[in-house]
Amino acid sequence: MKAIISPSILSADLKNLGSQVRVAQEGGADEIHVDVMDGNFVPNITFGPEIVRACKDSCDLPIDVHLMIVEPEKHLKNFIDAGAGTVTIHYETCPHIHRSLQSIRELGAKAGLTFNPGTPVDGLNYLTDVVDQVLIMSVNPGFGGQKFIPSVLDKISLVKWILEESGSEAIIQVDGGISVETILEVYQAGARNFVAGTAVFRHPEGISAGIAALRAALG
Ligand code: DX5
Ligand code: ZN
């Protein structure tokens, strides 16, 4: 399948969010990634549902919402009502993760499950029936512009194997440090959805050039 490029607005020029998102669409982005941080699960604080709505209203792309918050169950409906097409929750934040993933689907969105770099993915074996997307974090979440952690490559291959064995068609997404230097090996390990903040919104020649460079690096 074609690689999905998911620009993260964490690195966008927020003074001009609507136009930045539209330029990303015109430049060939497949969806828009919104990083929601609560200053609790992660040190940083970012966006709420109204920013999801602003992105949704500014372009025609699906909105991919990454919840880096404690007790995400309390906020699923708000984010989905605001326009989230996919909602990804952290394995580390949910004691009843199977139920939380089911809730996302029942509310009408695709269910994403993510694992921090230091979290084993064994639990995925018991969740393949309720996930549409598995996000492997390739940095510790909280900030853009961090360095890719190479040990996640083996983890991506393991996740690919678990999904194939179970017959799941969930897609593997990777988030953190995706660049022209790293994207090909991540693709080769089995990922098909690439979140990129710095490489797209901070590309010196502009957003479209950033997306084009990532696609070119995939060959
Ligand atoms: C990190 C976020 C990422 C971040 C990626 O906590 O989940 O989505 O925006 O940024 P880059 O692509 O700059 O590593
Ligand atoms: Zn993210």
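Strand E2 gives the most to the shell around ligand 1, with three residues; strands here are DSSP runs of E with at least two residues, helices are runs of H or I with at least four, and both are numbered from the N terminus. Before I go on, a word on the model: it is predicted, so to speak of local features we need pLDDT of at least 70, side-chain atom pairs count only at pLDDT 80 or more, and totals for chains, interfaces and linings use all residues. Residues are numbered from 1 along each chain as its sequence is written, chains are lettered from A and ligands numbered from 1 in the order in which they are written, and side-chain values use heavy atoms, with hydrogens and water left out.

Now, who surrounds the ligand? There are 20 residues around ligand 1, and Asp35, Gly142, Asp175, Gly197 and Thr198 are the closest; to count, a residue needs a heavy atom within 4 Å. By type, the shell has eight nonpolar residues (Ala, Val, Leu, Ile, Met, Phe, Trp, Tyr, Cys and Pro), two charged (Asp, Glu, Lys and Arg) and ten polar, meaning the others, Gly among them.

Let's look at some polar contacts, which are pairs of N or O atoms within 3.5 Å. A side-chain N or O atom of Thr198 is 2.4 Å from an oxygen atom of ligand 1. For Asp175, a polar side-chain atom lies 2.7 Å from a ligand oxygen, and Gly142 brings a backbone N or O atom to 2.8 Å from one.

Zooming out, the protein has eight helices and eight strands. Its C-alpha trace spans about 45 × 35 × 30 Å along the principal axes.

Technical notes: Polar contact = N/O pair within 3.5 Å; in protein donor to acceptor, adjacent residues only side chain to side chain.
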